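Take a look at the model below. The walk-through moves from backbone details to helix packing and then to domains.

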Amino acid sequence: MTSTAEAVGFWLLAPLAVVASLGLLFARKAVHAAMSIALVMIIIGIFYIMQKADFLGVVQVFVYTGAVMMLFLFVLMLVGVDSSDSIVETIKGQRWASLVLVVGLAGVLLSTIGSAVFDEQKVQAGLDKLVATNTETGNITGMAELIFGPYVWIFEVTSALLITAALGAMVLAHRERLSPKVTQAQWAARRIKDNKNVAGLPAPGVYARHNAVDTPALLPDGSPSDLSVSRVLVARDQVATTDGIRDVERHLEREIEEGSAR
Amino acid sequence: MSLHLLVDQAMTAHPAASALVTALPAATENPSADFSDTPWWLALLKAVAVFVYLLVSTLLVIWFERRVIGRMQQRPGPNRNGPFGLLQTLADGAKSMLKEDITPDKADKLIYTLAPLITATMAFVAFSIIPLGGTVSIFGHTTPLQVTDVPVSVLLVLAVASVGIYGVVLAGWSSGSTYPLLGGLRATAQMISYEIAMGLSLVAIFLYSGSMSTSQIVAAQSSLWYIAPAFFSFAVYVITMVGETNRLPFDLAEGEGELTGGFHTEYSSMRFAMFFLGEYVNMFTVSALATTMFLGGWKAPPFIAAINDGMFNGGWWGLLWFTGKMWSFLFVFVWLRGSLPRTRYDQFMRFGWKFLIPITLAWVVAVAFIRGAQLGFLGDSRIQLFGRFEIGVATLTIVGVVAVIALAGAWIWDDKRAARLEAADVAPPDEIDPFAGGYPVPPLPGQRLREPGSQPGTLIETAPGSKEPVLSGSSSTGGGTTVVKEETHG
């Protein structure tokens, strides 16, 4: 029978897991969706532990939440805070095809769950056996005996598959370098040799009210220096104008002129 | 039982496997700590006590760090508030709470608040499986000085640590600002990479003790601390624990020089204090794990343990030894911060992936063989060493082979390194022309200036009997002669 603690844990966590998995579907930001799925994975891990599968539960959190989801997040973070999903269909008919697949998957899942028979005695017997194994052999040793005993071939073949996949990903992502990498010292030597911007590019402006990177440096004649702002900011059209600063400058000059004329 | 049946089948399939299974020691992986006499309120009390213990330790360690670093830098450190400046941290904490709490405009409000909470809470969770002392009697109940223990305790610590990383990463992302984002990215890559090496270094301990439960690991170290047989794991663990906690010299996720404050640049007030707290509690957690895994946990040091039939080796005394050992690691943390500069990020990552992880893997394989030999899988013959120690032939052979491979590897590596250095070390030419590239270039120590020949007004003389070049140039305006003497430094 399900113990009270287990029932309480289940009814507390299961709705949370459902809400989180709905969050995966309906979250507008990719990072929120990723966090929802991380939460679902942690809750599943806790469920495993409640079902007396300690090792599986902890490894679930360790591997899936700690490593796999973290890598997802790593990529998503680079997408940017404000980006939301584009609704343009890049592959034609993709939506209909995925709908068919979803219906098919839902059918398979429902039929499998529907045909499952819940025999309380059988479940209880299985649970008793697990508890006995945990106390006599130990949870991890018991699992190791299964993995490295009867299932050793499946285990090894799966690991070979995973290693192949990892190597394949590396081969696909690998690019051969055509020329040797330029070191810091070589860059410096080249800059001196070219005799251009020998002291580095001009730094962005530092003024009383503007010291951000988006404010261009002013050349001696008062015009902004294009070299001093990052080309990323130029492309995003985020460079601050220097008009205000130059207005102040003109105002000051006029006052000086007026003062000297008086 | 069908499990045994399966094992039996495996035995019939492979005769060697049957020897393997029967030779395994009886199930010792389950926790040795006995929690049967611990009611729920006592467990709660212990949890609260651990929480308070960590909070007080954090207050102390910040003071300790500032004082010790002060000493290392020849200054007193905080010494105004309270005796020896002990209340300085308390004052700083109170001040931090009263500061303005700023949320940037572009921040993701929910996650921006959630991130410090994740970091701070996860830091405390891992401590619940650390055994702080032996079995004691509290309010008439006999209970171990440990909140709880499970067969997979050490894995639980790693899992909780990996969830704790989310705090740092999400803080970087949700701030909506560039420096925190870069800091968050660095933190992800760094902590995940070093967690792999950390987990691998601990595998050797699992192999030696045959368990992942902390109480069982401490019990298995009663005769010999694992720092001796697993010395290499210890070295790797100490390196990775610094990388994992984001401390100098590996605090690249918050490198002030390049990233302002890294992932917590935008945080202020209580939310910043939570990151601060989380970082220090994490230091305690990794130190406590190191103590438990390598230094015998709460067991008394060797000679004290023998006094009066183990009088100091259990009960409440364990808390003292445990705290002492843990604080020795914290001193190392402070010492490192006081002496080492920050590493470069790419070098740090290369060190983690290309050196630490492969070599730790090789070490784990070596330990597996040593352990297999000790348990008698590779033969049972034993010999006498020096007429006193009795040791298995297989163990001796394996240890010998591992040592020879390690020595040969080190030798080859050293030779290659020497050859590389020699190839890279091109001596500068004896003579240079200072204006060859169009710019005046001063000579290196010991270098001669080229004889200009036709150029008037400059003359190079080398004093007889001395290697020092003497440059004498006569200026055309004054007519006098200036003599510049180049000193040889090298």
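Where is the place of B:Ser269 in chain B? B:Ser269 sits in helix α11, residues 269-294 of chain B. Helices here are DSSP runs of H or I with at least four residues, strands are runs of E with at least two, and both are numbered from the N terminus.

This is a predicted model, in which local features need pLDDT of at least 70 and side-chain atom pairs count only at pLDDT 80 or more, while totals for chains, interfaces and linings use all residues. Residues are numbered from 1 along each chain as its sequence is written, and side-chain values use heavy atoms, without hydrogens and water.

B:Ser269 is not a glycine, yet its phi is positive, about 55°. B:Ser269 is buried, at 6% relative accessible area. B:Phe139 also has a positive phi, near 50°. B:Phe139 lies in the loop between β1 (135-138) and β2 (141-144) of chain B. B:Phe139 is exposed, at 63%. Buried means under 20% relative accessible area, exposed over 50%, and partly exposed in between, with a 1.4 Å probe and protein chains only.

Now the helix pair. Helix α14 (residues 345-374) and helix α15 (residues 393-424) of chain B pack at about 165°, with axes 8 Å apart. Axes are lines fitted to C-alpha atoms over the stretch in contact, and angles run from 0 to 180 degrees between N-to-C directions. α14(B) and α15(B) are therefore roughly antiparallel, a term for angles over 145 degrees.

Finally, the domains. Chain B is assigned domain 1 (18-369) and domain 2 (433-472), with bounds from an automatic or database assignment. Their C-alpha centres lie 61 Å apart.

Methods. Chains are lettered from A and ligands numbered from 1 in the order in which they are written. Angles under 35 degrees count as roughly parallel, over 145 as roughly antiparallel, 65 to 115 as roughly perpendicular and the rest as oblique.
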